[in-house]
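User: I would like to go through some of the terms used for this structure and see what each one rests on. Please set the values against the cut-offs.

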Amino acid sequence: MYMRSRHFSLLSSTRRAQSVVREKTIIPAHSICTMPVTVVAAKPQAQAYDPSKYRFIDIAVNLTDPVFRGLYHGKRKHDDDLEAMLERSRAAGVKSMIITGGSLHESKEALELAQQLGLYATVGCHPTRSSQFDQFPSGPDRYLEELDKVIAANLTGKGRVVAVGECGLDYDRTHFAPAEVQRRHFRTQLGLAKKYHLPLFLHSRAAHKDFVQILREEGFDKDGGRAVGAKGGVVHSFTGTPEEAIELMDMGFHIGVNGCSLKTPENLATVKAVRPEWIMFETDAPWCSMTSTQASKAHLTSLPPSLNSLYFPAATKPESFVYGRPVKGRNEPTATGGVAWVVHRLNEGVPFEKVTEKAWKNTVELFGLTELQ
């Protein structure tokens, strides 16, 4: 993190003596006796971090959430500050974002926002909402058809769909949708990725065995399913074990890292096991904030002030809202840089810029964001 250099001061008691510096004493070139002089080393200089050198793509941001409009549980707590939040993100080096679609309705909203803001979106149904397939007035097949239509109509141009999802399995929250329902509708959405040759935007919580089994059975056992027309994908907000991460990478899937991926020492061990060519950064804003009680805090203490003020700007409570300042407790895309910093610290000796550029390259390549280059 720091570059150390020694600056030696040449001190002489005579102007006539030509001196040669050796270690900590000065030896006269002639036979003139002088007192030895101690060289005083300069203080080590901290490495300069120029914020403009680091660029990010937040691959998971829930901009459809009402909190970015000042609404919390249906009640207005402050003014709509979506544009101010986006401006802070741009200042923090976030060049683009992928807005998450978690249901048919939300996917349409995500695409509308992406088109307005020049961003990108995913289209799919989150496992905890997969009961919507069966509750749809015309049945589950029609729900899938509607997702299909949304994708087909938004494959090119500004604000396009770049992935199928968020889809997958979540066995921590089966009270929202039974495991069997989740499995059935996860499988059908994989067909959309094959049909449109799109990456998958995946969710896996406490369900790894069934998750990979379905992926393998559907032809995603290696190279991200390219043999069946698919294009890999990313398991976002990853909180699994190192062994699970390695299995997914070997199958051809990227790993998305955010604050939830960095909560515990065990989480940090998993992230350290992610190979550079498979890593991506995200916030999952407004969720997955990085807090002082999490294992990531020990690494964030070394974040240079020039970066800290951009990635984690001072926030105010919703009740004390000041336009232009972030809201306390609401995660924002600015924190993408903080996630990247922790990964940098976990990979000792790898420069921060190298870490950020690798994730950038991975993201551009997987989602086809060539216009950002």
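User: Where is Ser302 found?

Analyst: In this predicted model, Ser302 sits in the loop between α9 (297-300) and α10 (305-311).

User: Why is Ser302 called buried?

Analyst: Its relative accessible area is 15%. Buried means under 20%, so Ser302 is buried.

User: What makes the pair of Ser302 and Trp341 a polar contact?

Analyst: The two side chains are paired at 3.1 Å. The cut-off is a pair of N or O atoms within 3.5 Å, one able to donate a hydrogen and the other to accept it.

User: How do you know that His185 is buried?

Analyst: His185, which lies in helix α5 (residues 179-196), has a relative accessible area of 3%. The limit is under 20%, so His185 counts as buried.

User: Which side chain makes a polar contact with that of His185?

Analyst: That of Asp134, at 3.3 Å. The cut-off here is again within 3.5 Å. Leaving aside residues up to four places away in sequence, His185 touches Ser130, Phe133, Asp134 and Pro140.

User: Why are α4 and α5 called roughly parallel?

Analyst: Helix α4 (residues 140-152) packs with α5 at an angle of about 30 degrees, the axes being 11 Å apart. Angles under 35 degrees count as roughly parallel, and therefore α4 and α5 are described that way.

User: Which residues make that contact between α4 and α5?

Analyst: Among them are Pro140, Leu144 and Leu147 of α4, and His185, Thr188 and Leu192 of α5. By class, the contact has 7 nonpolar, 3 polar and 2 charged residues.

Definitions and conventions. Residues numbered from 1 in each chain as written. Predicted model: local features only at pLDDT ≥ 70, side-chain atom pairs only at ≥ 80, totals over all residues. Heavy atoms only, no water. Helix = DSSP H or I, 4+ residues; strand = E, 2+ residues; numbered from the N terminus. Buried < 20%, exposed > 50% of the residue type's maximum accessible area, 1.4 Å probe, protein only. Contact = heavy atoms within 4.5 Å. Axes fitted to C-alpha atoms, helices over the stretch in contact; angles between N-to-C directions. Parallel < 35°, antiparallel > 145°, perpendicular 65-115°, else oblique. Nonpolar A, V, L, I, M, F, W, Y, C, P; charged D, E, K, R; others polar.
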